[in-house]
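Colleague: I am new to this model and should like to go through it with you. May I put some questions to you, one at a time?

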Amino acid sequence: MNAVSDVSSHAIARARWRPAEIAFWMLALSCAFLFPSRYLIMTDILRLALFTLSLDLILGYAGIVSLGHAAFFGVGAYSAGLMALHGIINEPVIALVVAGLIAMVLGFLTSFLVIRGVDLTRLMVTLGIALLLEALAERFSNITGGTDGLQGIEMQPILGMFAFDMFGKTGFFYSLIVLFLLFLLARRIVNSPFGLSLRAIKNNPLRASAIGVPVNRRLIAIYTVAAFYAGIAGALFTQTTALASLDVFAFERSADLMLVLVIGGTGYLYGGLIGAVVFKMLQELFQTITPQYWLFWIGLVLVVIVLVGRDRMHRWALWLPNLIIRQIAGRKAVVAVPESDAP
Amino acid sequence: MTTLFTILFDGVAYGMLLFVLACGLAVTLGLMNFVNLAHGAFAMAGGYICAVLVNNSGWPFFAALPLAFVTAAAIGVLLERTLYRHLYTRSHLDQVLFTIGLTFMSVAAVDYIMGSSRIFIKLPAALEGQFDFFGVGIGRYRLMIIVICGLLTVALQLILSKTRFGSRLRAAVDDPRVASGLGINVPQVFAFTFAFGCGLAGLGGALSAEILGLDPYFPLKFMIYFLIVVTVGGSSSITGPFLASLLLGIGDVAGKYYVPKMGPFVIYTIMIVILIWRPNGLFGRAAAR
């Protein structure tokens, strides 16, 4: 009895909003007014952040390593594009949700493949599904536009009121609101008993099933939710850029996504958001040094991160903020080091 | 009927090639439980070494093949000793990230040095063209691949089952702690095996330039094929990946011939069906780690 109340009070304490989190979102909102000429790149960051949030749900919380998360992104992107192109659903918000739901159905169906077998099989099945969809999109180029992509997507105003402008201001606020709402949902999910059971599964599936957690059903559920998130991210991509081409399924997209999440850190939701900002800045930097070969630098960053060790890297990154907090507030660090996912 | 035999022949050649390319991965991934997605990079290294030697330095093709093997193995052992060996005990996520990073670096580096277009290796005249065998067109080059890869497979099987090194390797894989207690130098055995696997990949890369095409994106394009061979084949023996390679090769060639519009669709579908049916691979051990 005591242990149960311990767990629940701990969970409630974790779920409380901390000042740092509120400051984070205020900062994100203030960016809109600080850099009014950079809406396009900031929208790009928000989309990437949402996509990474989706990977964090399955990788950081459930421990599923996926090499083909772009599959759901691509399905969302093409669904939104086709709906707008053929005028099936003109209203962007409804189209966004529908695109997410389509990706979610795909996620549900493929989750049965993913939960079977060990890490290696998962890697291959996820990668295989993304490649399969890419091959399909290429095969049915009369629908998807093949390598040229969908052309001539015209987006209608959001809720019939806010038209997309060429500076991307509407797109930015639209993306920020979507990201914030979905973040709230994700935060609710991971702090619920359901989220706790996911952590238990990640730490030790055998033990989790021994205490009565239905491992497979939980994994299917979170994989489906993550597919929904990725689908929304893809749909946002199409809606804000009026573009959808074959590269939404590309392997590089899934691999970049892992890098983003690893830079930010897994298992505390903000990792994806912080990682997206850092990744885009790195990308800008590398592209100015060597426009053609930035793949090399991305690879180098991955190798260095793994060799240094993800935990150690995050401790270094948090050293300065912690020092300041300790000096000013005179207490122990409030910025927690993200959970490691050692085997 | 003759087309059927031609497809079968081409498929077997293709499958044999995939086996030589992927069997190193079967050892690192299946036996040592290390996810090495950069395996294709070693194959690409071998292919480019062979191409440079034959095209630029005028070496004969058959002299360049062993050198492709040796160079790829040398690169392999260098990386194993300096980088990979720190990662054996890390989580799969770390291994995936690290090897994807290596793959990206190799792709960009080869693109920078050799250019992004496809490379062809000049073949000796004896290997070009094809001859008729009871009405079935047999490509000379493909026949050579079947002979070389067939011999290699037999040799590998014999090494694994008959020699002292083979039994050491199997012992080290089954239980590294007990094996080192018996006086087997486990890291050395792993390093040697890793290097040998990379060398085979390099040889496969050199042989495959003609059939699969060699360009800087080779490691990414064929990553899924190598993974299919290993996961479908399972890891208990060398026979599993071998049969899986043949199945994959014949399936791919037949799929491209009979339903060309579906492209690689056939292979992925076969793979997914097999993995639903047997999650640990066709010939896998019941309890994979």
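Predicted model: local features only at pLDDT ≥ 70, side-chain atom pairs only at ≥ 80, totals over all residues.

Colleague: Within what arc do the buried residues of α12(B) fall, seen down its axis?

Modeller: An α-helix has 3.6 residues a turn, so residues three or four places apart point the same way. The buried residues of α12(B) line one face of the helix, because the view down its axis places them within an arc of 95°.

Colleague: Which residues are exposed on the other side of α12(B)?

Modeller: The buried face holds Ile267(B), Tyr268(B), Met271(B) and Leu275(B). On the other side of α12(B), the exposed residues are Val273(B) and Trp277(B).

Colleague: Against which helices do the buried residues of α12(B) pack?

Modeller: The partners come from chain A as well as from chain B. From chain B they are α10 (223–233) and α11 (239–258). From chain A they are α5 (92–114) and α6.

Colleague: How far apart are the end C-alpha atoms of helix α12 of chain B?

Modeller: Helix α12 of chain B covers residues 265–277, which is 13 residues. At 1.5 Å a residue, the helix should span 18 Å. The model agrees with this, as the end C-alpha atoms are apart by 18 Å.

Colleague: Which element gives the most residues to the side of chain A that touches chain B?

Modeller: The contact takes 34 residues from chain A and 38 residues from chain B. On the side of chain A, the elements that give two or more residues are α6 (119–139), α12 (251–264) and α14 (294–308). With twelve residues, the element that gives the most is α6(A).

Colleague: How many nonpolar residues has the side of chain A that touches chain B?

Modeller: Sorted by class, this side of chain A has four charged and four polar residues. Its nonpolar residues number 26.

Colleague: How many residues of α4(A) are buried?

Modeller: Helix α4 of chain A runs over residues 70–85, and its end C-alpha atoms are 22 Å apart, which agrees with the 22 Å that 16 residues should span at 1.5 Å a residue. The helix is followed by Gly87(A), whose phi is positive, near 65°. α4(A) is mostly covered, and of its 16 residues the number buried is 15.

Colleague: What is the radius of gyration of chain B?

Modeller: Chain B has twelve helices and two strands. For 289 residues the globule rule gives 19 Å, and chain B is close to that value, so it is as compact as a globular protein of that length; its radius of gyration is 19 Å.

Colleague: What is the radius of gyration of chain A?

Modeller: Chain A has 15 helices and zero strands. A compact globule of 343 residues would have a radius of gyration near 20 Å. Chain A agrees with this, at 20 Å.

Colleague: Where in chain A does pLDDT stay under 50?

Modeller: The mean pLDDT of chain A is 85, and 94% of its residues reach 70 or more. Among its helices, α11 (residues 215–241) has a mean of 94 and α1 (residues 2–15) a mean of 74. The stretch under 50, for which the model has 18 contacts beyond four places in sequence, is residues 336–343.

Definitions and conventions. Residues numbered from 1 in each chain as written. Chains lettered and ligands numbered in written order. Contact = placed C-beta atoms within 7 Å. Helix = DSSP H or I, 4+ residues; strand = E, 2+ residues; numbered from the N terminus. Nonpolar A, V, L, I, M, F, W, Y, C, P; charged D, E, K, R; others polar. Expected span 1.5 Å × (residues − 1). Buried ≥ 20, exposed ≤ 12 C-beta atoms within 10 Å, placed from the backbone. Rg over C-alpha atoms; globule rule 2.2 N^0.38 Å. Arc of directions from axis to C-beta. pLDDT = per-residue confidence, 0-100.
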